[in-house]
Amino acid sequence: MEDPVAEIPRVIRLLTQSQPSTQRATIEKYFTPSASFTHPICRTGSYEGSRWLIWCIYRWYKIMSPRIEISIDGVAYDEKNRTLYVNIHQVFRLWIIPFFSAPVALTTVLKLVRDPPLPPQPLYSTPVNPNASRHGALNRTTSSEKPLYYIQSQNDLYQVNEILKFFSQFGILSGLLLLWQFIATALCVLGATVFWPISWVEQNVIGGNKERSIAEAARG
């Protein structure tokens with residue numbers, strides 16, 4: 001990819017909505033040979049040839065759900081760390097189970113590598129020759145090819161309630177988890193109310209997050 005932010009929505013759609021030959025060509029074009037894939041249900045690891053496993057995963061994914069609805073809600077790029085964050089909504093349907101539908105949301109984290117890699121920065125800057133031709137330098141810059149970026153790893157991140165949608169019809173497990181989450185929140189409120197003296201001691205005696213014990217605070 002020359003422009004990861006602009007191109008990644010199309011790449012994702014090719015991976016999830018194209019015919020088998022296009023899907024495989026997309027993986028071979030945009031993933032490195034040692035790329036890794038991580039998902040709550042499966043993972044490949046990273047080694048020479050692991051890209052083949054990624055193709056198998058995407059192929060099985062498409063076999064299970066031949067028609068996938070997908071929308072890209074947003075893309076953010078951490079240029080310093082060469083990391084793409086893609087927010088996605090998709091509707092996953094199993095053709096073998098009538099009326100099964102799993103509308104899920106996830107964030108895909110893509111680590112990229114640059115080709116050619118950036119040259120190492122010198123410890124000391126080289127003085128600029130005042131007699132150098134600025135016109136020649138401009139020609140070298142404009143004639144150079146743009147770097148390309150390839151996917152080194154893909155990590156699909158789901159909330160627990162989202163991943164449970166793959167395993168239950170009509171969101172039953174997700175509903176039970178939602179109920180438990182509200183119960184856990186009520187327990188947090190109860191704990192914060194009953195044990196407020198601990199927070200008072202931390203604030204007024206120990207001093208916030210400083211690494212001091214109560215005994216040390218008492219000694220001053």
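Ile-70 stands opposite Gln-90 in β3. This is a predicted model, in which local features need pLDDT of at least 70 and side-chain atom pairs count only at pLDDT 80 or more, while totals for chains, interfaces and linings use all residues. Residues are numbered from 1 along each chain as its sequence is written, and side-chain values use heavy atoms, with hydrogens and water left out.

Let's start with the strands. Helices (H or I, at least four residues) and strands (E, at least two) are DSSP runs, numbered from the N terminus. Two strands pair if DSSP finds at least two bridges between them. On that basis, five strands make an open sheet with mixed pairing, in the order β1-β5-β4-β3-β2. At its edges are β1 and β2, each pairing on one side only. Direction ignored, neighbouring strands are turned by 20° against each other on average.

## Bridges between the strands

The antiparallel strands β2 and β3 are joined by nine bridges. Moving on, β3 and β4 also run antiparallel, with 10 bridges between them; here Ile-88 has Leu-106 in β4 as its bridge partner. Nine bridges link β4 to β5, again antiparallel, and Val-109 is partnered by Asn-155 in β5.

## Two helices and their contact

Now for the helices. Two packed helices are described by the angle between their axes and the distance between the axes. The axes are lines fitted to C-alpha atoms, for helices over the stretch in contact, and angles run from 0 to 180 degrees between N-to-C directions. Helix α1 (residues 4–17) packs against helix α2 (residues 20–30) at about 140°, and their axes are 8 Å apart. The two are therefore oblique to each other, given that angles under 35 degrees count as roughly parallel, over 145 as roughly antiparallel, 65 to 115 as roughly perpendicular and the rest as oblique.

Which residues of α1 and α2 meet? From α1 come Glu-7, Arg-10, Val-11, Leu-14 and Leu-15, and from α2 Thr-22, Gln-23, Thr-26, Ile-27 and Tyr-30. By class, this contact has five nonpolar, three polar and two charged residues; Ala, Val, Leu, Ile, Met, Phe, Trp, Tyr, Cys and Pro count as nonpolar, Asp, Glu, Lys and Arg as charged, and the others, Gly among them, as polar.

## The nonpolar core

A nonpolar core is a set of buried Ala, Val, Leu, Ile, Met, Phe, Trp, Tyr and Cys residues joined through side-chain atoms within 4.5 Å. The largest one has 33 residues, and Ile-8 and Phe-31 touch the most other members. The largest share, five residues, comes from β4.

Leaving aside residues up to four places away in sequence, Ile-8 touches Met-1, Val-75, Leu-84, Val-86, Leu-110 and Ile-151, where contact means heavy atoms within 4.5 Å.

## Two loop residues with positive phi

Most residues other than glycine have a negative phi, and most peptide bonds are trans. Arg-82 is not a glycine, yet its phi is positive, about 50°. Arg-82 sits in the loop between β2 (69–78) and β3 (83–92). Phe-99, also a residue other than glycine, has a positive phi near 70° and lies in the loop between β3 and β4 (102–115).

Is each side of this pair buried or exposed? Arg-82 counts as partly exposed at 24% relative accessibility, whereas Phe-99 is exposed, with a relative accessible area of 77%. Buried means under 20% relative accessible area, exposed over 50%, and partly exposed in between (1.4 Å probe, protein chains only).
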